Amino acid sequence: MLIDEKITIKIASLAKLELTDNEVKEYSKDLTNILKWMEELKEVDVSNVEPVTSVIKNELHEREDIVLDNTVEQEKILSNAPEKVGEYFTVPKVIE
Amino acid sequence: MTDILKSDIKSILKGINNKDYSIEELICHYIKKVDSLDKFNLISEKIYDDAITLAKQADSKTMEERRPLEGIPIAVKDIFCTAGNKTSASSNILKNFKSPYESTVTKNLKDAGAIVLCKTTMDEFAMGSASDTCNSGHVINPWTKDFSNPLTPGGSSGGSAGIMAASGTCFSLGTDTGGSIRQPASFCGVVGIKPTYGRCSRFGIIAFASSLDQAGPFTKNVEDGALALTHMVSYDSKDSTSSREKMPDLFKNLKSGIKGFKIGIPKQYDINGIPPEINDLWDIGKKKLENLGAEIVDISLPHTKYALPTYYIIAPAEASANLARYDGVKYGFRSEQKFEDLNEMYCKTRGEGFGKEVKRRLLIGTYVLSSGYYDAYYLHAQKVRKKIIEDFNIAFNQVDLILTPTAPSDAFVIGEKVDNPISMYLNDIFTVPSSLAGLPALSIPGALSNNNRPLGLQLIANTFREDLLLTGAYALEQEIKFNSEPLLGV
């Protein structure tokens, strides 16, 4: 198998996803099949081909670093937080 | 007022101007219709109170004050942030998220006078082709006759396509990354348009794959599509890939016909194993275009067969970067389990908050971007993508438009393809190549299948040639005269 359970667990930890044992089994199988399916891309000769960076002829434009919209209130933004104290988002303790 | 639901936008605006009905009456009429569609699970949130308030305000305006879409009810895929409303992309990880700001596309439409009646259900984070990965359960196609074997509306914009099929609003909004507007339009028998990449601002649209995502409308017909699209697009400094290219006037030549147009037929889209009725419809499309005076030209897009695996490297890679923001800190869901540390909070929150298909794609994306595999998968795919774009460039030196089927089947029964992700991914076989190339494309209803379900035809144009795209589609639509409608389970 291209992707064994050890690899799936490693990728899941990179993706910050906790998976159940069943999920690890199932995704190992799925990923193996999907990556096998992608193997056919290797037939394509891409020597001297530049990778795509943009699909349309468009230069990334820059703008002045100024506030465009100051109508969004802090209170509204904080109201979406799962946990908060006063004006702060809170998370489990990071530093001992 | 029943006939209103069948009317095009122009006639409805005329009805308002003639005072045949007030905007409030119009909105209430549509609300009643939307309420009758609950069994299809098309709607994620109803925004009726605001809609009625806006309708009353609109009614009090003088004729001079009225804007081009004043009072027109619309439905919005739940991937567009609309200020003050829940916006969850049908994911548990964004459950209860209330957007504090407005997407540019919905702002443009609201500024033009459109009234949002509801948000629509979709595949979670737009990842799917059957609208069966939604956190509120699967979405049902209004063309379903047997509710013990309900049909998929397609995906990911299944709710928005379904509500158009059921005439629940005047038009609706979707997003298309690999076919998420065109394939559901085909399955639901409506018009679905994906403009050129960069036409619609992505600001305020929850990101899936940023080099592919584009917004577009679902409409009853092509002329409504031209109107809706005209009021959606804009250059937007808040989206660094937004295009400054001026949109051509979509109405100028809309009805001038396609005499002398060259229409490309790519031989690589004639794929083994596709049901004969799909190729039959394609042939009908060719003949109708010929009847209209167009010239059919055989073309070759040699890298077509590599488009799907290329897409399933690039889109999950971009998704794995975009969805890294869902960490349970500033908004959305946080796991209620006990955590030892921050890392555990992230992993548990994301493990519980994301659904099965989203996690599958995050794993693919993380793998193809990971150290040691980046060159072999991601970089290689971006080079193959270049070859796919070059194929189209060569083709558009010879032709004005390309005609293909939209999807490789009619709407299938929900649950039929869940065990095999690749067979589900094949749904987008005809729509993904043009997405990878950023081209404008649309689906219009072509015929009913042997099972009496809609089948769509796809037209593709060169970048920024939405004018040719819509002129071609309008002409073909008049010739096809598709007028079947779903029975809505009655």
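## Chat about a two-chain model

Biologist: Hi! Is Asp21(A) buried or exposed?

Modeller: Asp21(A) is exposed, because 9 other C-beta atoms lie within 10 Å. The cut-offs are 12 or fewer such neighbours for exposed, 20 or more for buried and partly exposed in between, counting C-beta atoms within 10 Å and placing them from the backbone. Bear in mind that this is a predicted model, where local features need pLDDT of at least 70 and side-chain atom pairs pLDDT 80 or more, while totals for chains, interfaces and linings use all residues. Residues are numbered from 1 along each chain as its sequence is written, with chains lettered from A and ligands numbered from 1 in the order in which they are written.

Biologist: Which helix does Asp21(A) lie in?

Modeller: Helix 2 of chain A, residues 21-38. Helices (H or I, at least four residues) and strands (E, at least two) are DSSP runs numbered from the N terminus.

Biologist: And what is the secondary structure of chain A?

Modeller: Chain A has three helices and two strands, running α-α-α-β-β from the N terminus.

Biologist: What radius of gyration does chain A have?

Modeller: Chain A has 23 Å, whereas a compact globule of 96 residues would be near 12 Å. The radius is taken over C-alpha atoms, and the globule rule is 2.2 Å times the number of residues to the power 0.38. Those C-alpha atoms fill a box of roughly 55 × 45 × 25 Å along the principal axes, and 17% of the 96 residues are buried. Asp21(A) and Phe89(A), 68 residues apart along the chain, have C-alpha atoms separated by 32 Å.

Biologist: How many residues of chain B are in contact with chain A?

Modeller: 59 residues of chain B are in contact with 42 residues of chain A, contact being C-beta atoms, placed from the backbone, within 7 Å. Helix 12 (375-398) of chain B gives the most to that side of chain B, with eleven residues.

Biologist: Switching to the sheet: what is the strand order in chain B?

Modeller: Eleven strands form an open, mixed sheet in the order 1-3-2-4-6-5-10-11-9-7-8. Pairing takes at least two DSSP bridges between two strands.

Biologist: Which strands stand at the edges?

Modeller: Strand 1 (43-46) and strand 8 (295-299) of chain B; each has a single partner strand, so one side of each lacks a neighbour in the sheet. Further in, strand 10 (441-448) and strand 11 (454-461) of chain B pair in the antiparallel sense over seven bridges, and Leu442(B) has Leu459(B) as its bridge partner.

Biologist: Why is helix 4 of chain B largely enclosed by the rest of the structure?

Modeller: Six of the eight residues of helix 4 (104-111) of chain B are buried, so the rest of the structure largely encloses this helix. Among the buried ones are Thr104(B), Lys107(B) and Leu109(B). The buried residues pack against strand 2, strand 3, strand 4 (171-176) and strand 6 (214-219) of chain B. After helix 4 of chain B comes Gly113(B), with a positive phi near 105 degrees.

Biologist: Last one: which residues touch the most other members of the largest nonpolar core?

Modeller: Ile74(B), Ile115(B) and Leu117(B), in a core of 160 residues. A nonpolar core is a set of buried Ala, Val, Leu, Ile, Met, Phe, Trp, Tyr and Cys residues joined through C-beta atoms within 7 Å. Leaving out residues up to four places away in sequence, Ile115(B) touches several residues, including Ile27(B), Leu54(B), Ile72(B) and Ile74(B).

Key: Two residues are in contact if their C-beta atoms, placed from the backbone, lie within 7 Å.
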